Amino acid sequence: MVFTENRKTIAKKSVRQADPCVIVIFGASGDLTKRKLIPALYNLASNNLLPDEFAVVGVARHGQSSEEFRSKISEDFKEFAPSNFEQKLWDWLESRIYYLSGEFKDSETYVKLKMFLSKIDQKFGTQGNYLYYLATAPRFFCNIVSELGNAGLTTESQEQWRRVVIEKPFGTDLESAQALNRQITSVLNECQIYRIDHYLGKETVQNILMFRFGNGMFEPIWNYRYIDHVQITVAETVGVGSRGGYYDTSGALRDMVQNHLFQLLAMVGMEPPVSFDADAVRDEKSKVMKAIVPMSEADVLNYAVRGQYGSGFANDKKVPGYRTEDGIAPNSNTETFAAMKLSIDNWRWAGVPFYLRTGKRMTERVSEIAIQFKQAPSLLFRDTPIDQLAPNFLVLRVQPNEGITMQFGAKVPGPTMKMGKVAMNFCYSDYFSSTPTTGYETLIYDCAIGDATLFQRSDNVELGWSVVKPMLDVWQNLPYGHFPNYGAGSWGPIEADQLLERDGRKWREIDPNFCGMG
């Protein structure tokens, strides 16, 4: 028992705490702050990853004092607090939370902020290190960065760092993303910019790199010689909810594919980096995105599918169609489902299609990467009852029940040669103690220690938009006349199935009981 306790103590001391700093949250009165950011900071504190020299300053338009803001945050936190909540730990964090009211477009707000931060530095010893988190509508991104620069709040020195975290969406198309990059980099250096994608905070996504490059048995078969195709599915059972106004100007392609699904594709498809240095990893991501074969207009019509949900059933309850949701036009042509076939033109993936799909109001809530291996020669079994060999799959489940499974064939016990499908499952919950997480802990921590590995660089963002640009153009110029084309509670439009059937393939059957958590 003593040995175990000593090991825990050593491990705790060996973990680097975040640098002394102030996290300034613009848009602090919004949903993201109470649901994700404050709980993530609490979880970091509970893991001893926040230093004593730490504080939070919320900035928003609402006129209230720091005391009133703390009271509201404390009330909200009761809903999102982990089961192992410690009052003493929350008191520590709450005492470091402050509030400043002001308009994001008013220069006076930033003058006041500069003076306020100076006082925080003196009180908590945060050493002038500032992490600005832009939890605001995208229309404020450039203005906030510009005003921070004008106030001298982005200027770094050898002793002080200044970083800016930008939430998605980073642009609405290639042209707007390029313009946003130009405006922001006119104030900040690229190394100060942290374009956040909360998907990369999920353990299984990060584990892709460990799984691929830390195990000698997988990387040798991670190529066109052994892999038949790759499927990436990110499905949601919910509809647009209260986001109708935003979603109807966005759609599935902008909301999910350009960021989340392409991040998964890049992690699966990238070459081994020379190190886990941020730019080394991001260089390889850029290379695989550059290798995606551009689509022509004809390719979009043949290899991309869009859908919009109609009424149906979710969790045995009748739910409305997209066009009758709040904030949605009754003749809306916005897609709530997107699927596509992509090809990567390099040595590793020559001839291996990547099939991607994402949608709302689907059968199951699931995010997974399924890798199907090439079929074994079946000639050996020609005189047996086995007329078809089951495909071998490697499945990396990102959510909701994180884990990895390998699916293969084995002989069914008995006097005749029969094959049954079996699976070897690894479930995170079975092997590692589960810790409270919002998906933002790792990302905030990495920002505070200056590790940009899990964040998108400007070229990564623009390459993603370049891939979807042909689809955006065609879908905008050729409105689809058959919406809705899939019912709520289904796996999407029939055209998505036909996308694979034309190649003699089919979507993998999703197991809702993966890791016993269905």
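Six strands form an open sheet in the order β3-β2-β1-β4-β5-β6 with parallel pairing, where strands are DSSP runs of E of at least two residues and helices are runs of H or I of at least four, both numbered from the N terminus, and two strands pair if DSSP finds at least two bridges between them. Because β3 (97–101) and β6 (193–195) stand at the edges with a single partner strand each, one side of each is left without a neighbour in the sheet. From one strand to the next the twist averages 20°.

The model is predicted, so that local features need pLDDT of at least 70 and side-chain atom pairs count only at pLDDT 80 or more, while totals for chains, interfaces and linings use all residues. Residues are numbered from 1 along each chain as its sequence is written, and side-chain values use heavy atoms, with hydrogens and water left out.

Strand β2 (residues 54–60) is joined to β3 by 5 bridges, the two running parallel, and Gly 58 stands opposite Tyr 99 in β3. Helix α3 (residues 66–80) lies across β2 and β3 and runs at about 120° to β3, whereas helix α6 (residues 141–150) lies across β1 (21–26), β4 (130–134) and β5 (162–166), at about 160° to β4. Contact here means heavy atoms within 4.5 Å; axes are lines fitted to C-alpha atoms, for helices over the stretch in contact, and angles run from 0 to 180 degrees between N-to-C directions.

Grid points are joined across faces, edges and corners, and a volume is the space filled by probe spheres set on the points.

| Space | Volume |
|---|---|
| Second largest pocket | about 690 Å³ |
| Largest cavity | about 100 Å³ |
| Second largest cavity | about 70 Å³ |

The second largest pocket is lined by 23 residues, of which Phe 393, Gln 407, Lys 421, Arg 508 and Glu 509 lie nearest its centre. Strand β17 gives the most to this lining of the second largest pocket, with 3 residues. Residues lining the largest cavity include Ile 166, Arg 195 and Gln 258. In the second largest cavity, whose lining also includes Gln 258, α10 supplies the largest share, 4 residues.

Conventions. On a 1 Å grid over the protein atoms alone, a cavity is a set of points where a 1.4 Å probe fits but cannot get out, and a pocket is an open set with protein on both sides within 12 Å along at least five of seven lines; lining residues have an atom within 4 Å of a point.
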